[in-house]
Amino acid sequence: MPTPTVLDGTLPASIDAAVDLLRAGQPVAMPTETVYGLAADGLDERALAGVFDLKRRPRFDPLILHVAEPAGWHDIAEGMSDAGRRLAEAMWPGPITLVARRRDGVPDLATSGLPTVAVRCPSHPVANTLLRAFGGPLAAPSANRFGAISPTRAGHVSDEFADADLLVLDGRPSERGLESTVVRVLEGEPPEVLRLGAVTLEAIEAVIGQTPRVRAATSQPGSAEPAESPGLLDRHYAPRTPLRLMTEAQAKELTADQRQRVALLGSDEAVATLGEGFATAATLGAADRAAEMAARLFEAMRELDASDAGQIVAIRVEDAGLGRAINDRLARASA
Ligand code: TXA
Ligand code: MG
């Protein structure tokens, strides 16, 4: 049976091996500061088709093209608003994805036929080295099967694709642990956040001088319509174990019987307050350290998914800063 190969992404020989595969149209898993991605030649339709197939991702869900340098967006996109340019300047390399008009030459498969394209310049040194060595844009969706929890460690990727002949570059645990924030920044339009993520609304506001609009989830799973940002599909980031999102007050009402079947997920404080009697529990960190909670979130969800509890109960965090993106992921995991 084919199995993944994990190589230390900081070694030049690993980068060489990855570039050879990418040039041959094969996917390679690479670390980024947000989550691990399944990279493929962003301008090669056949390589992109391979990524969709490996992820079992529907073709209506467009990909993000990653570039080595902030200025690299000019090669694939145009018509970016001033706000978009300011965000690119202030935040790249980093965990923000900007959606602008797509240039000729960007394959339909990368954008699912949309007139726009999503671009990101990642800050992870391994991703950056790989992008430079490859010399062109790399499409990289999160390296998980469609709808499943995003990977934040090389081991998550090799578990997820255990039966695939896939090269995984190991770049240590992803620092941010949440996917990039996706912002539509077309000329003549106010900026609009399509997916909450590692860059907060507050940080965006500090750059563009206004609070961006946040698009509400509209597209439904199973809908035949090409969704505007299918990352907004209601159900996503989901463990196999059913997950319910609750406030601490709601979780206090769980009976002793119910507790026995529940795997609890929450901040250190929430888990301590709710006390004993749960099948198992995972803590995200201190409630006032949202960045640490975000970095831990997907890993903790995986841990609890691997327990034999019948249900995961996640406790909502404070809805500000990164807490908003944490609650968003938990809500989608529970949909
Ligand atoms: O942090 C990240 O963004 C990670 C790492 C690997 O870079 N990648 C990632 O890719 O999360 P993926 O494919 O799992 O999510 C891409 C998101 C989806 O929500 C997709 O719908 C949206 O970007 N997207 C891509 N192209 C778009 C477009 N032209 N218009 C609107 N949304 C788009
Ligand atoms: Mg994803």
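**A walk through the predicted model**

Tyr237 is buried, with a relative accessible area of 2%; buried means under 20%, exposed over 50% and partly exposed in between, for a 1.4 Å probe and protein chains only. This is a predicted model, in which local features need pLDDT of at least 70, side-chain atom pairs count only at pLDDT 80 or more, and totals for chains, interfaces and linings use all residues. Residues are numbered from 1 along each chain as its sequence is written, chains are lettered from A and ligands numbered from 1 in the order in which they are written, and side-chain values use heavy atoms, leaving out hydrogens and water.

Stay with Tyr237. It is found in the loop between strand 12 and strand 13. Helices (H or I, at least four residues) and strands (E, at least two) are DSSP runs, numbered from the N terminus. Tyr237 has a positive phi of about 55°, although it is not a glycine. Most residues other than glycine have a negative phi.

The count of aromatic pairs comes to one. Rings of Phe, Tyr and Trp (its six-membered ring) pair if their centres lie within 6.5 Å; planes under 30 degrees apart count as stacked, over 60 as edge-to-face and the rest as tilted. Tyr237 and Phe298 form a stacked pair, 6.0 Å centre to centre with 15° between the planes. Tyr237 lies in the loop between strand 12 (213-214) and strand 13 (243-246) and Phe298 in helix 11, so the pair ties together parts that are 61 residues apart in sequence. Phe298 is buried too.

Next, helix 5, residues 125-134. Val126, Ala127, Asn128, Leu130, Leu131 and Phe134 are buried there. These buried residues pack against several elements, among them helix 1 (12-23), strand 3 (37-41) and strand 9 (167-170). Contact means heavy atoms within 4.5 Å. Just after the helix, Gly135 takes a positive phi of about 85°.

Two other backbone features sit in loops. Arg172, not a glycine, has a positive phi of about 65°. Its loop runs between strand 9 and strand 10 (181-184). Arg172 is exposed, with a relative accessible area of 65%. The peptide bond from Trp92 to Pro93 is cis, with omega near -5°. Pro93 has its place in the loop between helix 3 (82-91) and strand 6 (96-102).

Finally, consider confidence. pLDDT is the predictor's confidence in each residue, from 0 to 100. The protein chain averages 94, and 95% of the residues score at least 70. Over residues 219-227, pLDDT stays under 50. For that stretch the model has 14 contacts beyond four places in sequence.
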